[in-house]
Amino acid sequence: MLIGYLSVNSYDLNSSKEQRDIVRSQKRKEYEKLRRQCRRVIKCINGSSKLNGDSCPETDSPCSEDVVSARESLSSEDRIADSEYSDDPSTILLDGDDTSRRNTNADSKALNSDSSDSDSSVESEVIQACPSCEEKEKNDSDMTTKDDVSPLRTEVQSTLTSEDFSTWKRIIRLDAVRTNADWIPYSPTQAEVSYDRARRSAEAVGLKDYDHLEPCRVFHAARLVAILEAYALYDPEIGYCQGMSDLLSPIAAVMTEDHEAFWCFVGFMKKARHNFRLDELGIRRQLHIVSKIIRCKDSHLYRHLEKLQAEDCFFVYRMVVVLFRRELTFDQTICLWEVMWADQAAVRAGIGKSAWSRIRQRAPPTEDLLLYAIAASVLQKRKLIIEKYSSMDEIIRECNSMSGQLDIWKLLDDAHDLVVNLHDKIETSISAPSLS
């Protein structure tokens, strides 16, 4: 299913191998272009900080545009370390702060929730981030062709400032280094990476403060940095927000080529990007559905939540944002996500609940299986919540302590039971435009 995201995002499923190879090559080049843009922006930021805003210094670095390797992926054995990066120390505290992740792109304008899957040209934003680079970019015909301008860029003129990218750059590195290691048993190739290769990869993206990590985790963190920086330029309205590294890590563990992991992530974010929008409409809609499920299934529990002023289900906020990633182990996460994606694919294919459901005698496919699973996890704790907890803070602590304690198969069974019994009722109740 992870490969399916790449296929849906890049390939015609009826295409030939030759056609897919052409698309694969094209997507690699598009990703490499974004990585070159990242290096230029970072070079401009570093140059501006050193020269108090003066022009961006020219460099003969081996990683300058003219001699960049044809294989940019950090997962390539031939990757050349990039010596032009430097990183700024950060004192930002991110753990447990779900609101801090939104303060880096507050000036961006709202746009449609689905991101374009075509190549993103961000030259106007790059120039705004470092105006002194403008003349150099005008001469770069490879970066200014009309074919490279995605609808995301033409529909909205987002303002990407050097402060935006500098903040994203700093937070990405913090989150990448903190990524847990539960993926290692499932990615033996990356698990066996050498210390020298891991160090070169870290230097290539300016990763620091990683001495406490084993080489495979350093290498994985460097890959996350490269891909997340590229995505921040691809979709500057979202940029980078805390939690996106949680979503990328399993994809990067499964897919060893950075450009493939990037395009899978782009496809993934088409569904998940509304979780990171400033207006929070996507999050509020999902919390509203979880609340509706609990109210329809267990009125006693819902009344208790009302007494605690917790009926909005804000206590499952983290579960919604990172799709249960922090509550489940790596293999449990992949299991849940793939079942969820299979349901979504069935919905897109027009498979309804009629004959298909009668054959399976199970739940009809739904776009919101994740939310039924989240509601199921809360309902499994109903007795404890009703008898022991007298504040929403206590429920939040309980939800955050679920990590590693959930039985994924029971969770999916309970979620499917909820879908069978409540799907039509929930769909009807939320069809009105209001989120009352």
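**Figure 1. Contacts of Met244 in a predicted model.** Met244 touches Leu228, Tyr231, Ile238, Gly239, Phe265, Met269 and Phe276, leaving out residues up to four places away in sequence. Contact means heavy atoms within 4.5 Å. The model is predicted: local features need pLDDT of at least 70, side-chain atom pairs count only at pLDDT 80 or more, and totals for chains, interfaces and linings use all residues. Residues are numbered from 1 along each chain as its sequence is written, and side-chain values use heavy atoms, with hydrogens and water left out.

**Figure 2. The largest nonpolar core.** This core holds 111 residues. Those touching the most other members are Phe165, Met244, Leu247, Phe262, Val316 and Phe324. Helix α9 gives the most to the core, with 15 residues. A nonpolar core is a set of buried Ala, Val, Leu, Ile, Met, Phe, Trp, Tyr and Cys residues joined through side-chain atoms within 4.5 Å. Buried means under 20% relative accessible area, exposed over 50%, and partly exposed in between (1.4 Å probe, protein chains only).

**Figure 3. Packing of α9 on α10.** Helix α9 spans residues 215-234 and helix α10 residues 244-254. They pack at an angle of about 120°, with axes 10 Å apart. That angle makes α9 oblique to α10. Angles under 35 degrees count as roughly parallel, over 145 as roughly antiparallel, 65 to 115 as roughly perpendicular, and the rest as oblique. Axes are lines fitted to C-alpha atoms, for helices over the stretch in contact; angles run from 0 to 180 degrees between N-to-C directions. The crossing of α9 past α10 is right-handed (the near helix is turned clockwise from the far one by less than a right angle; left-handed if anticlockwise). On α9, the contact uses His220, Arg223, Leu224, Ile227, Leu228 and Tyr231. On α10, it uses Met244, Ser245, Leu248, Ser249, Ala252 and Ala253. By class, the contact of α9 with α10 has 8 nonpolar, 3 polar and 1 charged residues. Ala, Val, Leu, Ile, Met, Phe, Trp, Tyr, Cys and Pro count as nonpolar, Asp, Glu, Lys and Arg as charged, and the others, Gly among them, as polar. Helices (H or I, at least four residues) and strands (E, at least two) are DSSP runs, numbered from the N terminus.

**Figure 4. Packing of α17 on α20.** The axes of α17 (residues 369-379) and α20 (residues 408-429) come within 8 Å and cross at roughly 115°. The two helices are therefore roughly perpendicular to each other. α17 passes α20 in a right-handed crossing. Contact residues of α17 include Leu369, Tyr372 and Ala376. Those of α20 include Asp414, Leu418 and Ile426. The contact of α17 with α20 divides into 12 nonpolar, 3 polar and 1 charged residues.

Figure 5. Gln309 is not a glycine, yet its phi is near 55°. Gln309 sits in the loop between α13 (299-307) and α14 (317-321) and is exposed, at 67% relative accessibility. Phe324, also no glycine, has a positive phi of about 70°. Phe324 lies in the loop between α14 and α15 (330-348) and is buried, at 0% relative accessibility.

Figure 6. Leu328 is in the loop between α14 and α15. Leu328 is buried, at 4% relative accessible area. Its C-alpha atom is 5.7 Å from that of Gly404, 76 residues apart along the chain. Beyond four places in sequence, Leu328 contacts Asp182, Thr333, Leu336, Leu406 and Ile408. Glu367 is in the loop between α16 (355-360) and α17. Glu367 is partly exposed, at 30%.
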